[in-house]
Amino acid sequence: MSGHVSPIRPPLVTGNKTYHQITEDLISPTERVPSKAWIIGFILSVSVFSVGAFCILWTIWNGIGTWDLNRTVNWGWDITNFVWWIGIGHAGTLISAILLIFRQKWRTGVNRAAEAMTIFAVMCAGLFPLIHMGRIWLAMFIFPYPNTRGPLWVNFNSPLLWDVFAISTYFTVSLLFWYTGLVPDFATVRDRAKGMRKKIYNFLSFGWTGSAKHWQRWEYLSLILAGIATPLVLSVHTIVSFDFATSVIPGWHTTIFPPYFVAGAIFSGFAMVLTLMIITRKILGLEDYITVEHIESMNKVILVTGTIVGVAYLTELFIAWYSGYVYEQFAFFNRAAGPYWWSYFGMMFCNVLSPQLFWKKSWRRNIWITFFMSIFINIGMWFERFVIIATTLARDYLPSSWSYYSPTWVEIGIFIGTMGLFFTLYLIFCRVAPVVAVAEIKSILKTGGNQYVGPDAHHAHADHQKDAIIQKEMLDKDGAGTQAGNPTFTED
Amino acid sequence: MAHHNKEVIYGLYDDETDLMKAVKEAKELHLEIMDVYTPFPVHGLDPILGLAESRLHIAGFVYGSIGTLTAFLGMTWVFTKDWPIIFGGKPMWSVPAFIPITFELTVLFACVGMVITFYIVCGLGPGVTNDYLDDRITDDKFCLAFDTAEVDSAAVKSFLSKTGAEVNQKVL
């Protein structure tokens, strides 16, 4: 609302929106009959998920022997997929928490969908350690609770247990953060609805009235949750990296892992947000809210984090050589030139080389390049986890134990099934909730709407649309534009 | 919001700047404002309305501290008193290894506690139905409401229409 907006800052909401139009544009997708594209997508996602569900049941029924894990490769596609999904789940809280603290207003266009994506990705991730336990019916053993076995406690010194705490906390906090943000928007849906629909949204909106005191507390809550979710999001992937870094496996036992994993997580998370947002904005017609500016901002984050990841790869290589430790040197030589060279190549190409295209502004702003890049990055980040996990384990200290690990149909089916689960949940979310935060977009309209800021802005005190239009016509004659609420910059 | 069957007069403004001007004037005229309802958080409204700063962060700190203590003391008790086990020759009370879980539980307790507190103090929650004045408040109208028991109806009505609001009346 208040505060100075730089005149060179591009608008975040285009199309001369009024508050009512924002409501109309963002809520109506939940009110319409689902489009053909949505129905096809939903059927496809549910089918793919069913395949995954079958493979999960197959694993539970027959045991982990249905996977190609062996004596040394005891983590394969399962943990690769786990780390991959957790990484993807980092963008949502990063966008909503860290960017909120940094006052990056462009987050309002994408935060809602990114948070939803986070929650769904963490659900997909959490599945893997659970089924990897083999006896999933004993999964509650991972929680410390007074039990009749002693009580026998969990090992609080183990990074695997830290992971249990980190991921369950992350999931809970993300869910609460997301839902609290949704409550006012559910109230907006409620107030437009009738009959049964009104009853459902009345329940979901928790009785929200929009009282000034409630808004004040709501903003406080968002800000403090953001403040504590920021170290949380960094801690989660740090702890995931501890699963590897605290072991004594060459190639894993490195101090660079926490920052390198966190950067990689943000990198892949933003890529997934872009994949989803590019499709969503097109199908739901939200180009005025998720603009090319938003895409460019995310591409900048991708460029930075991709480069950090690249530097980390090269640092690892250098340190392996510089350490003079032959096992470490072999681990890295084996990654690049061993039997899994193709995954190393895929990782380097997709994660390090391809994002460098984004140094060029016109490519950062190109939707197609961005879309393909986002897919590329997610493939690359999957390869990164595969390189770290399977490649390293397939070449143990003992050459007699060496093997070539490749997944069985069950492992492939489970992985593809989690994608089905992810997209099923996302598609349901698109139907029942506004994918862009309605109240938050309204709150940035006067500092982010294209009629107030940017090259097409109308005159300063244009509070009402009709004044704005009249002034726009006057300005068009003069050929000069001024900024809302800002000093006028004219060159005579 | 308690159900008192209040007779409420409210004005709907089209823009938050009009609302803020009206709130300021109402304060100057010493009209007792019942509440203000807006479609989004209007910055700068709280001081004009005279709303005290929220104390939610204090609650958050307390909950967080409970989390810290629960985690750290709990792990300490388990590993030194209840069932001491030596892991890898490390001390029973291996404090650095307790840091991650202590941190996570601090965050968990603070967040869950604050969110629950938020809903309770606002009188919101699953299954709660609060009466609200107008469907357009969550869309694009900015509402200034007066309780007829506290103000003179005629004066408020003329004040609202003079400041550019659409005047309405409803029993809450």
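The structure is a predicted model.

Start with the backbone of chain A. Most residues other than glycine have a negative phi, and most peptide bonds are trans. The peptide bond between G150(A) and P151(A) is cis, with omega at about 0°.

N16(A) is not a glycine, yet its phi is positive, at about 45°. N16(A) lies in the segment before α1 (19-31) of chain A. Its relative accessibility is 32%, and N16(A) therefore counts as partly exposed. R103(A), also a residue other than glycine, has a positive phi near 55°. This residue sits in the loop between α4 (91-101) and α5 of chain A. Is R103(A) buried or exposed? With a relative accessible area of 59%, R103(A) is exposed, because the cut-off for that class is over 50%.

Next comes a pair of helices in chain A. Helix α10 (residues 292-323) of chain A and helix α14 (residues 367-393) of chain A have axes that come within 12 Å and cross at roughly 30°. Angles under 35 degrees count as roughly parallel, so α10(A) is roughly parallel to α14(A). The crossing of α10(A) past α14(A) is left-handed.

Which residues make this contact? From α10(A) come V292(A), I295(A), N299(A), I302(A), V309(A) and Y313(A). In α14(A) they meet I367(A), T370(A), I377(A), M381(A) and E384(A). By class, the residues of the contact between α10(A) and α14(A) are eight nonpolar, two polar and one charged.

The last stop is in chain B, at strand β1 (residues 7-13). Six of the seven residues of β1 in chain B are buried, so the strand is largely enclosed by the rest of the structure. Which strands does β1(B) pair with? One partner is strand β4 (residues 166-171) of chain B, which runs antiparallel to β1(B) and is joined to it by six bridges. Here E7(B) stands opposite V171(B) of β4(B). Another partner is strand β3 (residues 142-147) of chain B, and this pairing with β1(B) is antiparallel over six bridges. Within it, L12(B) has C143(B) in β3(B) as its bridge partner.

Definitions and conventions
Residues are numbered from 1 along each chain as its sequence is written. Chains are lettered from A and ligands numbered from 1 in the order in which they are written. This is a predicted model: local features need pLDDT of at least 70, side-chain atom pairs count only at pLDDT 80 or more; totals for chains, interfaces and linings use all residues. Side-chain values use heavy atoms; hydrogens and water are left out. Helices (H or I, at least four residues) and strands (E, at least two) are DSSP runs, numbered from the N terminus. Buried means under 20% relative accessible area, exposed over 50%, partly exposed in between (1.4 Å probe, protein chains only). Axes are lines fitted to C-alpha atoms, for helices over the stretch in contact, and angles run from 0 to 180 degrees between N-to-C directions. Angles under 35 degrees count as roughly parallel, over 145 as roughly antiparallel, 65 to 115 as roughly perpendicular and the rest as oblique. A crossing is left-handed if the near helix is turned anticlockwise from the far one by less than a right angle, and right-handed if clockwise. Contact means heavy atoms within 4.5 Å. Ala, Val, Leu, Ile, Met, Phe, Trp, Tyr, Cys and Pro count as nonpolar, Asp, Glu, Lys and Arg as charged, and the others, Gly among them, as polar. Two strands pair if DSSP finds at least two bridges between them.
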